[in-house]
Amino acid sequence: MLRRQGWKVEIACHPADALEMFGDGSGFDLVVSDFVMPEMNGCEMVAAMRRRKPDLAAVFISGYAEEIAKCHCPLLSKPFRADDLVEHVRKGLAAIVPTCTGDRIPGNRLALAMA
């Protein structure tokens, strides 16, 4: 569904895989991550990514809203609809590039980390 919006999407099944794929972060604008994952939680993973790319936007997916508040990232509560995810991604991208709506910006590349 995100690819149909014109975004480039990379998928990792575990946080360590996402961090390896992320590299220096130069090719990524936003990460969408489950909060509860093996090895580390989404907040810890995004913090590690932001050490490499400080302006990285993030959206968390979870049923544990109280924990995510500590990460200062938008939360998409489970269960959610596809259009809710698209809207959260648009808002996340618009936050890092305020002059856009998050739609099909050249180079928008999203990393999805889901356990």
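This is a predicted model: local features need pLDDT of at least 70, side-chain atom pairs count only at pLDDT 80 or more; totals for chains, interfaces and linings use all residues.
Local features here need pLDDT of at least 70 and side-chain atom pairs count only at pLDDT 80 or more, while totals for chains, interfaces and linings use all residues. Residues are numbered from 1 along each chain as its sequence is written, and side-chain values use heavy atoms, with hydrogens and water left out.

**View 1. Helix 1 and helix 2 cross at roughly 15 degrees.**

**View 2. Side by side, helix 1 meets helix 2.** Pro 15, Ala 18, Leu 19 and Phe 22 of helix 1 touch Met 45, Ala 48, Met 49 and Arg 52 of helix 2 (contact means heavy atoms within 4.5 Å).

**View 3. Strand 2 and strand 3 pair in the parallel sense.** Strand 2 (residues 30-34) and strand 3 (residues 57-62) share five bridges (strands are DSSP E runs of at least two residues, and two of them pair if DSSP finds at least two bridges between them). Look for Leu 30, whose bridge partner in strand 3 is Ala 57, and for Asp 34, which stands opposite Ile 61. Five of the five residues of strand 2 are buried (under 20% relative accessible area, with a 1.4 Å probe and protein chains only). Strand 3 is largely enclosed by the rest of the structure, because six of its six residues are buried.

Terms used
Axes are lines fitted to C-alpha atoms, for helices over the stretch in contact, and angles run from 0 to 180 degrees between N-to-C directions. Helices (H or I, at least four residues) and strands (E, at least two) are DSSP runs, numbered from the N terminus. Buried means under 20% relative accessible area, exposed over 50%, partly exposed in between (1.4 Å probe, protein chains only).
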